[in-house]
Amino acid sequence: MSKPNTPQTAHREHFDVVIVGAGISGIGAAYHLTSQCPKHSFVVLEGYESFGGTWHIHKYPGIRSDSDLYTFGYRFKPWTGNPIASGEQILQYLGEVIEENDLASHIRYRHRVERAHWSSEEGVWTLEARQQHTGKVVRLSCNFLWMCQGYYRHAEGYTPDWEGMDSFEGQIVHPQTWPEDLEFAGKRVIVIGSGATAATLVPAIASKTEKVTMLQRSPTYFYAGPNRNELADELRELEIDEAWIHEIARRRILKNQAAVARACVDQPDNMKKLLIAGITPYLPQEFDVGKHFTPRYRPWQQRIAFVPNGDLFRAVASGDASVVTDEIARFTKKGLLLASGTELEADLIITATGFDLSILGDIALTIDGAPANLADQVTYRGMMFTQIPNLLWIFGYFRASWTLRVDLLCDFTCRLLNHMRAHGHRKVEVALRSQDGTMPLLPWVDTEDFSPNYLLRSMHLLPKRGDKPEWQHTQDYWHERDELPTIDLEGPEFHYR
Ligand SMILES: Cc1cc2nc3c(=O)[nH]c(=O)nc-3n(C[C@H](O)[C@H](O)[C@H](O)COP(=O)(O)OP(=O)(O)OC[C@H]3O[C@@H](n4cnc5c(N)ncnc54)[C@H](O)[C@@H]3O)c2cc1C
């Protein structure tokens, strides 16, 4: 795998590994490569002018994590703040990881990868990246392409095409492309959506607007509580080392989450009652919790967003915010006409309606000249794909913190890279085994188990999964934590050359 400045690659820069994306996944990959594969050369290509991905792009008021930073932080760098962090705090944490580990010199910003060609003859990927500031296309090559580009389209969020949108005389804004100078003070604002973004935005702007209404088609589960981790705080009082506190707090949170996940499957009705009982005390007595905060789906089929200090519910209780559960019939000049016949007037409508899935960063992949259609392939444990050699995609957990899977997949990737180098392999590809011939091919994830809209809309574009452990995409941290480190890299599903 090392340094093949062959005649074919001599005219372009060559690396052992190219990491696409400098978000949480890409920075994690760069850290693990430097510590676990110190002899591998690598570069991180990032389309934006700075690091952070999700946390660089999203600039709406109140932007914060919805899962705790003891597990959303990396296992190797202690988190020392409150469990739910602002976007700014997350960026600061990531900046420290870059600085403390000398990663800056490996990152090339404003390089958006547009094409990647695999050549079996050369055993390398050739990438074309457009420099965003010059428009110039840069070509470089690598042996291994490490896709850390996230899972949604960054340039623009998803907004449904509602009738009459053009006739609305106010302003329509998607939180993903929040204008820095957006005026909302004193305005009548509607936030369409009920996910974590809406739940963050509504309390963040409520006291400044004339009125803010959260308009949802159907309710979402939330978990409310103080934004602190008592165990970590107590250990801090005892002057325990931060690295220990991080590890202990993580273990406690993960143990609790495992119990919650199990209870959501085994006793969904009880969990539903518990979650709803947890938010009810924040709301006025006459509030219709059944209508506005009692979802139709089972808990854990979507991520349960944490609402620190119940701020969303407090904003509703104070009268600064209200919740309407109804369908949009169409936009009008003045606002929204709802299916119930009510018209909601607004000066500003915020469409917190989610995002569009982006498969492999919208990069055009070709394998020996032929387009690689990911939807035709089978995934190896939700990270590699049949017929696509020397490529691994970091797709984190949806329900547990994304980063838990980043650390696990980084360990796996580094082990694979070291294995290849030790055995002189230049190419690895996963392939179905003879016993997999009759295996049913299923959608990327089990929608009975997990069903966010952005996945449902794009499932046909994603690779298939099988029903055997190697070809499943379990999204189960507790299972993968034990299984991934024990994978036999010489198993029959791995083909090397
Ligand atoms: C508002 C919001 C809040 C969230 N909160 C949480 C949370 O609390 N907990 C949790 O677990 N998850 C959360 N998530 C999910 C979150 O996206 C992930 O946890 C995590 O930040 C993803 O990191 P990533 O590095 O994989 O991808 P991203 O953050 O999406 O970063 C990918 C990077 O790759 C770059 N890139 C993409 N394509 C290319 C290309 N072709 N060429 C060059 N560069 C490219 C992008 O510019 C970007 O910088 C949240 C998501 C959103 C949108």
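In which helix is A258 found?

**View 1. A258 in helix 7.** A258 is found in helix 7 (residues 242-266); helices (H or I, at least four residues) and strands (E, at least two) are DSSP runs, numbered from the N terminus. This is a predicted model, in which local features need pLDDT of at least 70, side-chain atom pairs count only at pLDDT 80 or more, and totals for chains, interfaces and linings use all residues. Residues are numbered from 1 along each chain as its sequence is written. A258 counts as partly exposed because it has 14 C-beta neighbours inside 10 Å. A residue is buried if 20 or more other C-beta atoms lie within 10 Å of its own, exposed if 12 or fewer, and partly exposed in between, with C-beta atoms placed from the backbone. The C-alpha atoms of A258 and R381 are separated by 20 Å, and the two residues are 123 residues apart along the chain.

**View 2. Domain 1 and domain 2.** The domain assignment gives domain 1 (13-154 + 356-496) and domain 2 (165-351); such bounds come from an automatic or database domain assignment. Their C-alpha centres lie 29 Å apart. In the contact between them, 27 residues come from domain 1 and 31 residues from domain 2, where contact requires C-beta atoms, placed from the backbone, to lie within 7 Å. The side of domain 1 that touches domain 2 has 14 nonpolar, 7 polar and 6 charged residues. Here Ala, Val, Leu, Ile, Met, Phe, Trp, Tyr, Cys and Pro count as nonpolar, Asp, Glu, Lys and Arg as charged, and the others, Gly among them, as polar.

**View 3. Helix 1 against helix 11.** The axes of helix 1 (residues 24-36) and helix 11 (residues 402-423) come within 9 Å and cross at roughly 35°. Axes are lines fitted to C-alpha atoms, for helices over the stretch in contact, and angles run from 0 to 180 degrees between N-to-C directions. Among the residues that meet are G28, A29 and H32 in helix 1 and V406, D407 and C410 in helix 11. By class, this contact of helix 1 with helix 11 has 7 nonpolar, 5 polar and 2 charged residues.

**View 4. The largest nonpolar core.** This core has 84 residues, and V18, I19, L145, W146 and M147 have the most contacts inside it. A nonpolar core is a set of buried Ala, Val, Leu, Ile, Met, Phe, Trp, Tyr and Cys residues joined through C-beta atoms within 7 Å. Helix 11 supplies the largest share of the core, 10 residues. Domain 1 and domain 2 each give the core at least three residues. Leaving aside residues up to four places away in sequence, I19 touches G26, A29, A30, F42, V44, W146 and C148. A second, separate core of 41 residues includes V191, M214, V323 and L336.

**View 5. Helix 10 and its surroundings.** D311, L312, F313, A315 and V316 are buried in helix 10 (residues 311-318). The elements packed against these buried residues include helix 5 (196-206), helix 8 (268-279) and strand 12 (321-325). Just after helix 10, G319 takes a positive phi of about 90°.

**View 6. Positive phi at R110 and D368.** R110 is not a glycine, yet has a positive phi of about 55°. R110 lies in the loop between strand 3 (107-108) and strand 4 (111-119). D368, also not a glycine, has a positive phi of about 50° and is found in the loop between strand 17 (364-367) and strand 18 (370-371). D368 counts as exposed because it has 10 C-beta neighbours inside 10 Å.

Methods. Two residues are in contact if their C-beta atoms, placed from the backbone, lie within 7 Å.
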